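Try each task yourself before reading the solution under it.

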Amino acid sequence: MAERLLIRALKGGKNTKIVILNGKNITKMPSVLEKLPGLKTLYLQNNQISKVCPEISSLTQLTALNLGNNLLEEVPEEMKYLTSLKKLHLFRNKIHRFASGVCDGLQSLILLNLNNNQLTWIPQEISRLKNLRCLSVNHNQLASIPREVCFLENLSELQLNYNQLVCIPKEIKFLKKLRKLLLSRNNIKSLPEGLCNLFNLRILDVAGNVIQMFPPGFQDLKLREFYCEGNPLFLKQPVSAIKQEDVWSLQEITSRFIMNQLAEKNPFLMKAIKWYPQVRSIISQGRKCAICEKFFLTIWLGCVEFFSPSKNWKISRNLQLVPLRILICSYKCFYQRNPNIFGIAQV
């Protein structure tokens, strides 16, 4: 049957645009495909192909390639010659690595589907896929993702469900076009504050992680769907503080003064700070108090404020309040707020 379909395709020559050979028990990719230079779509899923034939490099007009549910062990190097390729499906293989240089030629790629493979890492070179809009790596073995993923400026959908992730790079703030972020069933403990800068984000799924609270500014996201069931979220139960007010260190006093003067653009300090890189390094760790809005260095107390999800959010069942982490600069500052709406998260 596969032979007949190939013969028919070959008769079409340059005019053949689509070849579909799904589920034909093919063990080797047909090398005669090189005789179809005008091919646009090639479907070979549900076969037993373990390697890509070198002749595929001649298919420079190919825009869609589906090799899902085969026996590939890597994202093959031959893919880099498919300069017109827009959609690449490699789901349900045995892929555990990217061949060297494979990302170099895929400048037209907008969708990459690597679901249900054995990947433990994603190469930094993925940042070369400048036009990528959808990256799906569900059901793999990723313990981390490289910060370079966050430099895919056209990415609108990122799927990383069912991996072993423990954190998300802070550089995620650069994915300004991201609309859909799926992170369910990982081991993520917290989300970076930069996530709250993704104002185009509409769908966020963090179900089944170990998140206790969300970063400040989270309530301002314009989400339409938000799923967080299966996380040990803080309940609205304030806890009595046990930390006593201490005398600030000289470094803390000096740092607070300098940071707040810099915030007011003190010309003397603005000029002087350029000559002291060590001081710049210290004050770069400063944070802004959620209560008094002054800058400080030492985090004395981390507190949780609870807010109700927007009525526009489609949310997990029974989710009534979302815990939001805020930072305060001192024990005294904490008691300027009504203790009935706070729970102390860390002391």
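**Exercise 1: A pair inside a helix**

The side chains of arginine 256 and glutamate 252 form a salt bridge, with N and O 2.4 Å apart. Keep in mind that this is a predicted model.

Task: Work out how arginine 256 and glutamate 252 are placed in helix 2, and decide whether arginine 256 is buried or exposed.

Solution. Start with the general idea: side chains of opposite charge can pair when their charged atoms come close. Next, look at the helix. Helix 2 covers residues 250-263, and because arginine 256 and glutamate 252 sit four residues apart in it, about one helical turn separates them. Last, check the burial: arginine 256 is buried, and glutamate 252 is buried too.

**Exercise 2: Pairs that reach across the chain**

Task: Say how many salt bridges the structure holds, then find which parts of the chain are tied together by arginine 97 and glutamate 74.

Solution. Begin with the count: there are seven salt bridges in the structure. One of them joins the side chains of arginine 97 and glutamate 74, at 3.0 Å from N to O. Arginine 97 is in the loop between strand 4 and strand 5 (111-113), while glutamate 74 is in the loop between strand 3 and strand 4, so the pair ties together parts 23 residues apart in sequence.

Solution. The partner is glutamate 157, and the closest N and O atoms are 3.9 Å apart. This pair links distant parts of the chain, with lysine 180 in strand 8 and glutamate 157 in strand 7 (residues 157-159), 23 residues apart. Then compare each value with the cut-off: buried means under 20% relative accessible area. Glutamate 157 has 19% relative accessibility, so glutamate 157 counts as buried. Lysine 180 has 26%, so lysine 180 counts as partly exposed.

**Exercise 3: Lysines and a serine in loops**

Task: Find where lysine 222 lies and which residues lysine 222 touches.

Solution. First, go to the loop between strand 9 (203-205) and strand 10 (225-227), where lysine 222 is placed. With 51% relative accessibility, lysine 222 counts as exposed. Setting aside residues up to four places away in sequence, lysine 222 touches Phe199, Leu201, Arg202 and Trp313.

Task: Is serine 184 buried or exposed?

Solution. Serine 184 sits in the loop between strand 8 (180-182) and strand 9. Its relative accessibility is 5%, so serine 184 counts as buried. Look around serine 184 too: beyond its neighbours within four places in sequence, its contacts include Leu160, Tyr162, Asp205 and Asn209.

Task: Find which residues form a positive surface patch, and say where lysine 86 is placed.

Solution. The patch is formed by Lys17, Lys40, Lys86, Arg133 and Lys177. Lysine 86 is in the loop between strand 3 (64-66) and strand 4 (87-89). At 42% relative accessibility, lysine 86 counts as partly exposed.

**Exercise 4: Positive phi angles**

Task: What is the phi of lysine 265, and what is the phi of glutamate 293?

Solution. Begin with the background: most residues other than glycine have a negative phi. Lysine 265 is not a glycine, yet its phi is positive, about 60 degrees. Lysine 265 is in the loop between helix 2 and helix 3 (267-272) and counts as exposed, at 60% relative accessibility. Glutamate 293 is not a glycine either, and its phi is positive at about 65 degrees. Glutamate 293 lies in the loop between strand 11 (287-288) and strand 12 (295-296) and is exposed, with a relative accessible area of 54%.

**Exercise 5: Step back**

Task: How many helices and strands does the chain have, and what share of the residues counts as buried?

Solution. The chain has five helices and 16 strands. Of its 347 residues, 47% count as buried. The chain exposes about 18,200 Å², and carbon and sulfur atoms supply 50% of that.

Conventions. Residues numbered from 1 in each chain as written. Predicted model: local features only at pLDDT ≥ 70, side-chain atom pairs only at ≥ 80, totals over all residues. Heavy atoms only, no water. Patch = residues over 30% accessible without salt bridge, like charges linked within 9 Å, V, L, I, M, F, W, Y side chains within 5 Å. Areas by Shrake-Rupley, 256 points an atom, 1.4 Å probe, with all protein chains shown as cover. Salt bridge = Lys/Arg side-chain N within 4 Å of Asp/Glu carboxyl O. Lys, Arg positive; Asp, Glu negative; His and termini not counted. Charge placed at Lys NZ, Arg CZ, Asp CG, Glu CD. Helix = DSSP H or I, 4+ residues; strand = E, 2+ residues; numbered from the N terminus. Buried < 20%, exposed > 50% of the residue type's maximum accessible area, 1.4 Å probe, protein only. Contact = heavy atoms within 4.5 Å.
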